[in-house]
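Please look through this model before reading my points.

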Amino acid sequence: MRFAPLLFAIVPLYAQNVGIDSHIDTAQRVLIDRADLTQRSAVGHVDIPRLREGGVNAPFFALWVPTYYKGSEAVRRTLDLRDAMQGLLDAHPEQIALALTAADVERITRSGKIAAILAIEGGHQIDDDLAVLRMYYRLGIRAMTLTHFRNTDWADSSTDQPAHNGLTDFGKQVVREMNRLGMIVDISHVSDKTFSDVLEITSKPVIASHSSCRAISDVPRNMTDDMIRVLGKNGGVIGINFGEGFLNPQDAELLKKAINSISYNEPSLTGKALDSYAADEAHRDMKPQPTIATIDDAVAHIDHAVKIAGIDHVGIGSDFDGISSPPKGLEDISKMPALRAALRKKGYSEQDIRKIFGGNTLRVLREVIGK
Ligand SMILES: [Zn+2]
């Protein structure tokens with residue numbers, strides 16, 4: 001009995017060591033390039049050695065499927081990504097394990113392994129079928145971004161022409177089914193109206209897995225102060241995106257041009273031919289461009305979001321391996337300690353920093369999944 005107080009002291013210490021990034025695109029490299037994440041790589045932004053160095057031991061691996069994968073092709077591509085991740089999990093169980101609950105995240109990270117949380121990036125991946133959504137849940141997927149750059153048949157995207165005035169009735173069913181299953185609704189990429197429709201009906205906290213602040217960098221993918229405030233009231237979390245155009249107003253001008261020039265001419269390919277097109281596109285998109293954004297911009301967005309939503313509602317959603325040109329000082333996920341140090345210098349306490357770098361998103365996972 002004498003040791004009981006000591007045990008109570010130790011448990012919270014373990015809990016504090018969870019480092020979450022709510023959006024990395026590294027699953028693309030695992031599928032397309034057969035990247036071996038156990039080795040430190042000279043390319044890309046994330047691998048297991050760099051996750052460890054960065055103190056990020058529970059990343060959300062986005063299974064992103066480009067919107068030119070239509071219908072059942074999008075489902076096939078999702079399964080290919082899920083299978084590629086399973087290959088990694090099966091080959092290295094001593095280093096990385098699938099996390100299905102918040103308790104799993106705590107147990108896996110406590111054992112010194114990386115806890116992989118799986119997410120889907122684009123509602124088109126369910127092919128308008130709630131049964132597909134439910135099967136994804138059974139495959140261990142615990143979050144879904146409702147749209148990507150294009151509208152789905154049931155939700156408007158922030159980077160497309162409005163077609164549904166937000167969420168359709170089926171879109172509302174999708175949100176309710178995700179609430180019921182225990183899958184996090186991710187409102188990054190959706191239009192402002194879709195966001196407000198989701199927030200009206202969701203019974204659980206939602207996240208913006210990888211968005212930043214529109215008040216600083218005015219792009220439609222970022223959130224207005226009003227949206228950030230409403231997200232905070234919902235109990236949700238905004239994960240700050242490190243993409244240069246998301247962070248820096250000058251880089252944002254280029255991002256806006258890129259968004260406007262996204263081709264509507266989508267390839268009419270299927271199967272391996274479509275996969276080969278996607279591989280070429282992925283390699284082209286990851287060529288670094290000259291940028292202005294620095295780590296200071298990331299600090300400014302975190303600080304702004306904290307002022308609007310409160311310290312319990314801000315996280316990290318770097319978008320590493322999905323952005324071509326990370327800010328100076330945050331070149332890859334191993335540089336995360338520099339961001340912690342910058343926040344410390346700005347006056348953030350260790351407790352605040354732990355919330356931003358994992359605690360807040362872990363709380364949402366627990367509230368949505370229920371364990
Ligand atoms: Zn995205």
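The points below start with the strands and end with the helix.

1. A caution to begin with: this is a predicted model.

2. Start at strand S8, residues 237-240.

3. Look next at strand S7, residues 207-208. S7 and S8 run parallel and are joined by 2 bridges. Ile207 has Val237 of S8 as its bridge partner.

4. Opposite Ile238 stands Val314 of S9.

5. Now turn to helix H11, residues 249-260. At 1.5 Å a residue, its 12 residues should span 16 Å. The C-alpha atoms at its ends lie 17 Å apart, so the length agrees.

6. Which residues of H11 are buried? They are Asp251, Ala252 and Leu255. These cover an arc of only 105° around the axis, so they sit on the same side of H11. An α-helix has 3.6 residues a turn, so residues three or four places apart point the same way.

7. The other side of H11 has exposed residues: Gln250, Lys257 and Asn260. As for the buried residues of H11, what covers them includes helix H10, residues 244-247.

Notes
Residues numbered from 1 in each chain as written. Predicted model: local features only at pLDDT ≥ 70, side-chain atom pairs only at ≥ 80, totals over all residues. Buried ≥ 20, exposed ≤ 12 C-beta atoms within 10 Å, placed from the backbone. Helix = DSSP H or I, 4+ residues; strand = E, 2+ residues; numbered from the N terminus. Pairing = 2+ DSSP bridges. Expected span 1.5 Å × (residues − 1). Arc of directions from axis to C-beta. Contact = placed C-beta atoms within 7 Å.
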